[in-house]
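Here's a quick briefing to read with the model open in your viewer. Have the sequence handy too.

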Amino acid sequence: MLNKRWHNGRELQADADSVLIGSIDQGTGSSRFLVFSSSTGALITYHQEEVDIIYPRNGWAEANPDQLVQSVLSCISSAVSNLAALGIAANRIGCIGIANQRETLVAWDRRTGEPVHPAILWLDARTEQTVERLIATTRSRSAAEFRSICGLPITTYFTGVKIRWLLDNVPAARELQSSGNLMMGTVDTWLLYKLTGEYATDVTNASRTMLLDLATCQWDPRLCRFFGLDQKMLPKVCSSAELFGRISVADCPLAGVPITGILGDQQAALVGQGCLESGDTKNTYGSGCFMLCNTGLSPVVSSSGLLTTVAYQLGRSAAPVYALEGSVAVAGTAIRWLRDSLGIVGSVAETETLAGKVPDTAGCYFVPAFNGLYCPYWRSDARGLIVGLTGATSREHLCRAALEAVCYQSRELLDCMETECGTTLNRIKVDGGMTSNRLLMQLQADLAGVTVVRPEMAETTALGAAVAAAWGHGIDMTASVRQSSVTEFYPMTGPVDRLRKFQRWLDAVQRSIGWHRQEDDGEGDAGGSSAGPWAPLVIWLSPFFLSAPPLC
């Protein structure tokens, strides 16, 4: 399918050196704009800006929707200035793609375009009681009630549950829905609306809402009724590669340039890694970990806690390609926690240096279930813990335990993938900011017993969005993602030692499950809190850090 040379009735351009592709990558902690060559896939330039994550209460995570838009516009302007410094004209950018953090909800007033509430981020866990009420109204009294339709369990993660919470708790949102003036969507929809005035989403982002029928790739009336939504108020569902609109912000240096591709960030990474054949698997190491396995033209409904999602649909007339996904809520976030909340490292990069000073964790295991556990457990009552502490435990051991936690969580996803696909996955492609940590990559190979393949082109998420945008613009970039040079990490430990450590990790996970209770939610919340979702774990660990020798 991806090798065809025709698109919308005209031949795809085999050589397009004169065309550059812009890529908006709006993530949880930052926004970026990158510019790629359409003929080689090479990164020409980029600009990045951090965005604020707001923690108004324990377990809540929000962002300012206007800051998301302004940061994107600022990145575009700066990247265009970079091009000018390189002697490259901005008019060489032929089209733009969007890759975005998924499941995050933005809602706004149709009449004014103003948000009615802060963006509720994908990792936000405020909807725990909403989830319980929704499950109680299903015929099966099960979180899996709608898996056969949308591929997803009823849990705090997905956008539809966040929409229900918003309508139940924000009067302005209810009033706008009653008057037909409520607009809402994931971050791609919000950015598209503010940049072009169009109200749409792509099928990959729509598949993360719990509102999409995977068979038809359109909003499902039954699911909309279940969540109490007017289907007419939802954005139009499009493919991942077509004309979505043209930038209409007057002072944007790329005004008039078409947006022709949209992919949820993890699906964008799948495309950017060249995982275009059934069985191809990648794992992204960012704030969380997200492992996707291309399952081809048929959706596979998981029985082991994985999610069924749309991988991509390159054009309106193309068949959608599906994937199984395993999601881990906390990966890079745990490393930042060591820096920001505990202060035992001065930088994220220092974690690799410190962890490399010790040969193991000295029996210390870290389960970073700050807001519960995602795949394969789906337990919102889990909370973070560190077990196996002794008087000899050092910050080096804690740093190594944090890195190993990322690897163990990823191994669990890998095991589930093998079970569902009925095959052994000996190689896994990796991407994301954490993959620059060579120790982490070696630990992943050792603890999972697989070869870890890291591409030289690290910007696979943005590249995937560029590939979709190029395709929607009539340019085939898929060959460029298949030709990237790579670094490979091979397992260096034996299977017996690997299994022993993994079993101890699973023991620790079981101790984290069921720790959280509803009455805990009010602790430390008077007047709101800026401490973030990790305050309970910090308090629990305080006696150790207060009585032990200084770690810093």
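What follows is a short tour of a predicted model, topic by topic.

**The six-stranded sheet**

- Six strands make up an open sheet, and reading across it you get β5-β4-β3-β7-β16-β15, with mixed pairing.
- β5 (43–50) and β15 (241–246) sit at the edges with a single partner strand each, so one side of each has no neighbour in the sheet.
- From one strand to the next, the twist averages 25°.
- Helix α1 (residues 65–85) lies across β3 (20–26), β4 (30–37), β5 and β7 (93–100), and runs at about 145° to β5.

- β20 (residues 321–328) is mostly covered, with 8 of its 8 residues buried.
- Val321, Ala323, Glu325 and Ser327 point one way from β20, while Tyr322, Leu324, Gly326 and Val328 point the other way; all are buried.
- β18 (residues 289–296) runs antiparallel to β20 and is joined to it by 7 bridges, with phenylalanine 290 opposite serine 327.
- β19 (residues 307–312) is also antiparallel to β20, through 5 bridges, and here leucine 307 is opposite glutamate 325.

**Helix α14**

- α14 (residues 460–472) has 13 residues, which at 1.5 Å a residue should span 18 Å; its end C-alpha atoms are 18 Å apart, so the two agree.
- α14 is mostly covered too: 13 of its 13 residues are buried.
- Just after α14 comes glycine 474, with a positive phi of about 90°.

**Cavities**

- The lining of the largest cavity includes Thr159, Ile163, Met184, Gly185, Trp219 and Leu234.
- Both α4 (159–169) and β10 (182–185) supply at least two residues each to the lining of the largest cavity.

**A buried arginine**

- Arginine 126 is in the loop between β9 (119–120) and α2 (128–136).
- With 9% relative accessibility, arginine 126 falls under the 20% cut-off and so counts as buried.
- Leaving out residues up to four places away in sequence, arginine 126 touches Gly59, Trp60, Ala61, Glu62, His117, Ile120 and Trp165.

- As background, most residues other than glycine have a negative phi, and most peptide bonds are trans.
- Methionine 210 isn't a glycine, yet its phi is positive, at about 75°. Methionine 210 is in the loop between α7 (203–206) and β12 (212–213), and is buried with a relative accessible area of 0%.
- Cysteine 217 is another non-glycine residue with a positive phi, near 55°. Its loop runs between β12 and β13 (218–219), and at 7% relative accessibility cysteine 217 counts as buried.
- Cysteine 375 and proline 376 are joined by a cis peptide bond, with omega about -5°. Proline 376 lies in the loop between β21 (365–367) and β22 (385–387).

Key:
Residues numbered from 1 in each chain as written. Predicted model: local features only at pLDDT ≥ 70, side-chain atom pairs only at ≥ 80, totals over all residues. Heavy atoms only, no water. Pairing = 2+ DSSP bridges. Helix = DSSP H or I, 4+ residues; strand = E, 2+ residues; numbered from the N terminus. Axes fitted to C-alpha atoms, helices over the stretch in contact; angles between N-to-C directions. Contact = heavy atoms within 4.5 Å. Expected span 1.5 Å × (residues − 1). Buried < 20%, exposed > 50% of the residue type's maximum accessible area, 1.4 Å probe, protein only. 1 Å grid on protein atoms, 1.4 Å probe; cavity = no way out; pocket = protein on both sides within 12 Å on 5 of 7 lines; lining within 4 Å.
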